[in-house]
Amino acid sequence: MIGKIFRNNLTSAILVIILILLAIVFYAAQIGHMEGPVLLQHLVNGISLGSLFALIAIGYTMVYTILSMINFAHSDIFMISLYFAFFSITVFNMPWVLALICVAAATPLVGLLIERLAYRPLRGAPKNSVLISAIGASFLLENAATYLFGGRPKAFPDIPALTRVISVGSVNFQVVSIVIPIITAAILVILINFIHHAKTGVAMRAVAKDYEIARVMGVNVNGIISLTFIIGSVLAAVGGFMWGAKYPGVTPMMGVMPGLKCFVAAVVGGIGDINGAVIGGFILGLGEVLIVALFPGISGYRDAFAFVVLIVILLVRPSGILGSPVAEKV
Amino acid sequence: MKKSISIMLTALLFVSVLPGCQSSGTNPDVIKIGVFEPLTGDNAGGGELEVEGVKLANELFPEVLGKKVELVIVDNKSDKAEAATAAARLVEQDKVNAIIGSWGSSLSMAAGNIVKDAKVPAVGASCTNPQVTLNNDYYFRVCFIDPFQGTVMANYAISKLGAKTAAIIQEVSNDYSVGLASFFKDSFILNTGAEDSIVDTENYQTGDKDFSAILTNIKAKNPDVIFAPGNFTESALIIKQARQLGIETPFLGGDTWETPDFLSVGGADVNGAAFSTFFDKSMTTTDAAKTFLSEYEKKNPGKEPAAVTALGYDAYILILDAITRANSAEGPAIRDALAQTLNFQGVTGSTTLDANGDAVKDAVIKTVEDGVFTYLDYVAAQ
C-alpha cells in the first residue's frame with residue numbers, strides 16, 4: 001500500500017536510504033566499540049562506493065525494463081569506457097573534463113554496436129537466446145580488450161581536481177567521493193523526470209509495457225531501444241570515469257566484479273525500477289563497507305555480502321524492494 | 001543447404017585439428033622446456049618479468065646435449081583452475097622435458113600433482129610459499145622461502161623502523177600472502193616479546209579495488225608499521241588509499257611488489273614502501289650475474305632488471321645444467337640431477353637445493369625512491 005503511494009517517487013528512495021543509514025548508525029552506537037569519526041569515515045566511504053554502484057545499476061535496470069533481458073555486456077561497456085578515458089588522457093593529452101565528454105560520447109557507440117549486432121537480430125527469439133548472446137558479447141569484449149590492450153593494468157592518470165583529499169576533522173575523503181553522489185542524484189532526478197514527462201520517456205514506458213502494442217501505436221520501437229542503450233552506456237561511462245579516478249588500475253577483467261554487484265543491486269532494489277537500482281546500489285556499497293567496519297574478522301568475505309543479500313531478497317521478496325509483483329511485469 | 005554447411009564445418013574442424021596432432025608428437029632433436037606463467041589477469045605483470053628472464057637465457061644458451069632447446073610458453077591466466085589446465089597441457093600435449101614457473105605460489109601449487117604424476121620436473125623461479133615443494137619430489141625452486149622472508153621483514157620493522165606494533169593486511173585468496181603474513185606475525189611477536197604487538201589483521205580478495213573500510217579500521221588502531229604482502233596492483237591501491245585517508249604509517253611488503261605496475265598504479269604514494277626481494281644489481285658476485293646484467297642492458301638500455309627476471313634466467317640455466325649433468329632429457333633423470341644441485345653459480349648467487357628442493361639464499365630489501373626501486377639493505381641467509 002505504502003509502496004504504491006511512493007512508487008517511482010524520489011522521496012521514497014531518499015526515505016529508505018535515510019532509514020537504513022539511521023538503523024546502521026544506531027546499531028554501531030549500540031555495540032559501542034566504534035568512535036564517532038571512525039564511523040563517519042566508514043559512512044563516507046560507503047556512500048561514495050554505493051553511489052558508484054547505483055550509477056552502473058541504473059544501466060542494467062533500464063535495459064531490463066525495455067527488453068526484459070539482463071545485459072551482461074554492460075559491465076564490459078563500463079570497462080571499455082575506462083580504456084577510452086585512459087587513452088584520451090594519456091595519448092591525446094585531453095584535459096579531464098574534455099576527456100569525460102569524449103568518453104561519454106564514444107562509449108554509447110559500443111553499446112549501440114552490441115545492441116545492433118548481438119541483440120537486435122534476436123528480437124523475436126526466446127529470451128534465453130538473447131541472454132546467451134549477451135554473455136557472448138561480454139566475453140568478446142573482455143577478450144578483445146585483452147588482445148588489444150594486454151592483460152596488465154594500465155595506470156589511470158591522476159586527476160588532481162578529483163583525487164585531491166579534503167579533511168574535515170579526522171575524516172578524510174577525495175573530491176571524487178562527493179562528486180559521485182551528486183552526479184548520481186542529478187542523473188536520477190533528470191531520468192525520472194524524463195521518463196515520466198518527456199514524450200520520448202512516455203514512449204519508453206510504452207515499449208516496456210508491451211512493445212507489440214507500442215509499435216502498433218506508432219512508437220519507433222528500435223529507436224527507443226537504441227536510446228535506452230545510449231543512456232545506459234553514458235551512465236556506465238560516467239561511472240567508469242569516476243571509478244578510474246578513485247581506483248586507478250584499468251584491466252580487461254575489471255568490469256566483472258562491479259558488474260555482478262551492480263546487477264545484484266538492480267535486482268535487490270527491484271529490477272525495472274530506477275529508484276530501486278539506486279537504493280540497491282546504496283545498500284550494497286554501504287553494506288559492504290559496514291560489514292568490514294563492524295565485523296573485521298570476516299573482512300575477506302565482503303564480496304560475498306552482495307550475493308547473500310541477493311539470496312535473502314530472492315527468498316523474501318523476489319521482485320525486489322521497489323519492484324512490482326512478477327505477474328504484472330510480463 | 002543447412003546440412004551441407006554443417007558437413008563443411010565439421011570437415012573444417014577436422015582439418016584444423018590435424019596439424020595439432022602432428023606437432024604434439026615428440027621430436028627427438030628438440031628439448032622442450034615449458035614456461036608456465038600468468039601472462040593475463042591479475043598477476044600478468046609478474047609473469048611477464050619472469051618470461052623476460054627465461055627468454056634472455058634461452059637466447060644466450062639455445063642448446064644442450066647438442067640439441068636445440070625450445071620454449072613452450074603457456075599462459076595460466078592468474079587463475080588456479082586455468083593453471084592446472086595449462087600445466088596438464090604442457091605435460092600431455094606438448095610433452096615438455098621440464099617446466100619453469102610459476103610466478104605466484106598458488107598457481108605453482110595448482111600444477112604440483114600434475115608434474116609429480118607425469119614425472120616432469122618443475123623449477124619455480126619466485127614462488128616462495130613452502131607448500132610448493134613440500135612432499136613433491138618433482139618441484140624445485142631457485143629462490144628462498146617465506147619463513148625466511150617473513151623474518152627478514154619483521155626484523156627490519158623492529159630494528160630499522162623501531163616498530164613496536166604492526167597491522168597486517170593479507171590477500172586471503174592468495175596462499176603466498178597468507179603464508180608470508182603468518183610468518184611475519186610469528187617472527188614479529190617473537191622478537192617484540194608481546195603477544196598483542198599485532199594490533200589488527202585485515203583481509204581482502206584478489207581483484208578488490210576498494211580498501212577504504214579495512215584501512216579505516218587500521219587507522220583507528222594506529223600501528224607503527226603495516227605489513228601488506230600481496231599482489232602488486234592491489235597493494236599499490238591499498239597504499240594509495242591509505243595515504244588518502246591520512247594514514248602516514250610506513251608500508252612493508254614482499255617480493256611480489258617489484259613490478260612496474262606497482263609503481264605506475266601507486267604513483268607518488270608508494271614512495272618509501274619497503275619490501276624484501278631476491279636480487280639487486282649491486283650483488284654481482286657471480287660470473288653469471290655479470291653476463292646477465294650486461295646482456296640485459298644490451299636488450300633493455302637504461303632499464304633495471306627485476307629480481308624475478310634474474311630468477312627466471314636462473315631457473316632456465318639450472319635446468320640446462322641439470323640436463324647436462326644427467327646427460328639425459330628424461331624427466332626422472334633431470335629430477336635426480338636437480339635434487340643434487342650443489343653450489344650452482346646463478347645470477348642470484350650460489351644455489352644449493354635442500355631436501356625439499358628449496359634454495360637457501362640471501363635477501364635484499366628494496367624501497368621506492370622517486371618512483372624507482374632502490375637498494376636499501378642486505379640480509380644474509382640463515
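What follows is a short chat about chain B and its contact with chain A.

Mentor: Residues are numbered from 1 along each chain as its sequence is written, while chains are lettered from A and ligands numbered from 1 in the order in which they are written. Keep in mind that this is a predicted model: local features need pLDDT of at least 70, side-chain atom pairs count only at pLDDT 80 or more, and totals for chains, interfaces and linings use all residues.

Trainee: How many helices and strands does chain B have?
Mentor: Here helices (H or I, at least four residues) and strands (E, at least two) are DSSP runs, numbered from the N terminus. Going by that, chain B comes to 12 helices and 15 strands.

Trainee: What is the strand order in the open sheet of chain B?
Mentor: Two strands pair if DSSP finds at least two bridges between them. β2 (63-64) and β6 (139-141) of chain B each have a single partner strand, so they stand at the edges. With mixed pairing, the 6 strands of chain B run in the order β2-β3-β1-β4-β5-β6.

Trainee: Which residue stands opposite B:G34 in β4(B)?
Mentor: Strand β1 (residues 30-37) of chain B pairs in the parallel sense with β3(B) over 8 bridges. Another 3 bridges join β1(B) to β4 (residues 98-100) of chain B, also in parallel. In β4(B), the residue opposite B:G34 is B:I99.

Trainee: Is β1(B) largely enclosed or open?
Mentor: Call a residue buried if 20 or more other C-beta atoms lie within 10 Å of its own, exposed if 12 or fewer, and partly exposed in between, with C-beta atoms placed from the backbone. In β1(B), 6 of the 8 residues are buried, so the strand is largely enclosed.

Trainee: What angle does helix α4(B) make with β5(B)?
Mentor: Axes are lines fitted to C-alpha atoms, for helices over the stretch in contact, and angles run from 0 to 180 degrees between N-to-C directions. Helix α4 (residues 105-118) of chain B lies across β1, β4, β5 and β6 of chain B. Its angle to β5(B) is about 165°.

Trainee: Which element gives the largest share of the side of chain A that touches chain B?
Mentor: Two residues are in contact if their C-beta atoms, placed from the backbone, lie within 7 Å. The contact takes 27 residues from chain A and 29 residues from chain B. On the chain A side, the largest share is 5 residues, and they come from α3(A).
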